[in-house]
Amino acid sequence: MAGFRHVVIFRWNESATDERKRDLVERLTALPGAIPEIEGYHVGADAGVNPGNFDFAVVADFADRDAYTVYRDHPVHRAVIDEYVTPILAERAAVQYEL
């Protein structure tokens, strides 16, 4: 399988109400409709099985690095980050790799 994967995990701060988290999920799940370079997109809250995990994850697949870069810099994606992620973000980690 060829492609490029982006994985990001978040830990929320005390401002992360259920309403804010629902709004974020709604905006994130709309991104594939706005950014055609996204080939696969999965988001979800931690299942709570293991203590100490991060709170939320996004896994996004692209044809290649260039397609990922389009997503990374896309104004709709940037707006979601600025308006919905940053206000409730305590910590973030990410990795990208070739498939």
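This is a predicted model: local features need pLDDT of at least 70, side-chain atom pairs count only at pLDDT 80 or more; totals for chains, interfaces and linings use all residues.
Residues are numbered from 1 along each chain as its sequence is written, and side-chain values use heavy atoms, with hydrogens and water left out.

**Aromatic rings**

- How many aromatic pairs does a search of the whole structure find? The count is eight, where rings of Phe, Tyr and Trp (its six-membered ring) pair if their centres lie within 6.5 Å, and planes under 30 degrees apart count as stacked, over 60 as edge-to-face and the rest as tilted.
- One of these pairs joins Phe 62 and Tyr 68 edge-to-face, at 5.7 Å centre to centre with 70° between the planes.
- Tyr 68 also pairs with Tyr 71, and this pair is tilted: 6.3 Å between centres and 45° between planes.
- Tyr 68 and Tyr 71 are about one helical turn apart, because they sit three residues from each other in helix α2 (helices are DSSP runs of H or I with at least four residues, strands are runs of E with at least two, and both are numbered from the N terminus).
- Phe 62 is buried at 1% relative accessible area, and Tyr 71 is buried too, at 2%.
- Phe 62, Tyr 68 and Tyr 71 belong to one aromatic cluster that also includes Phe 4 and Tyr 41.
- Elsewhere, Arg 11 holds its charged end over the ring of Phe 54, 4.0 Å from the ring centre (a charge sits over a ring if NZ of Lys or CZ of Arg is within 6 Å of the ring centre and within 35 degrees of the ring normal).

**Helix α2**

- Helix α2 spans residues 65-73, and its buried residues are Ala 67, Tyr 68 and Tyr 71.
- Looking down the axis of α2, these buried residues fall within an arc of 100°, so they line one face of the helix (the arc is that of the directions from the helix axis to the C-beta atoms).
- On the face turned away from that buried side, you'll find the exposed residues Arg 65 and Asp 66.
- The cover over the buried residues of α2 includes β1 (4-12), α1 (18-34), β2 (40-45), β3 (56-62), α3 (75-85) and β4 (89-98).
- Where α2 starts, a side-chain oxygen of Asp 64 comes within 3.2 Å of the backbone nitrogen of Asp 66.

**Helix α3**

- Which residues of α3 are buried? They are His 77, Val 80 and Val 85.
- Those residues cover an arc of only 60° around the axis, which puts them on the same side of α3.
- Pro 75 and Glu 83 are exposed residues on the face of α3 turned away from its buried side.
- The buried residues of α3 pack against β1, α1, α2 and β4.
- His 77 has a relative accessible area of 7%, and beyond residues up to four places away in sequence it touches Leu 31, Ile 35, Tyr 71 and Arg 72 (contact means heavy atoms within 4.5 Å).

**The nonpolar core**

- The largest nonpolar core has 21 residues, and Trp 12, Leu 28, Leu 31, Tyr 41, Val 58 and Tyr 71 touch the most other members (such a core is a set of buried Ala, Val, Leu, Ile, Met, Phe, Trp, Tyr and Cys residues joined through side-chain atoms within 4.5 Å).
- At least two residues of this core come from each of β1, α1, β3, α2 and α3.
- Not counting residues up to four places away in sequence, Leu 28 touches Tyr 41, Val 43, Phe 56, Val 58 and Val 80.

- His 6 lies in strand β1. Is His 6 buried or exposed? With 4% relative accessibility, His 6 counts as buried.
- The side chain of His 6 makes a polar contact of 2.9 Å with the side chain of Gln 96 (a polar contact is a pair of N or O atoms within 3.5 Å; within protein, one must be able to donate a hydrogen and the other to accept it, and residues adjacent in sequence count only if both atoms are side-chain atoms).
- Ala 57 belongs to strand β3 and is partly exposed, at 24% relative accessible area.
- From Ala 57 to Tyr 41 it's 16 residues in sequence and 11 Å in space, C-alpha to C-alpha.

Conventions
Buried means under 20% relative accessible area, exposed over 50%, partly exposed in between (1.4 Å probe, protein chains only).
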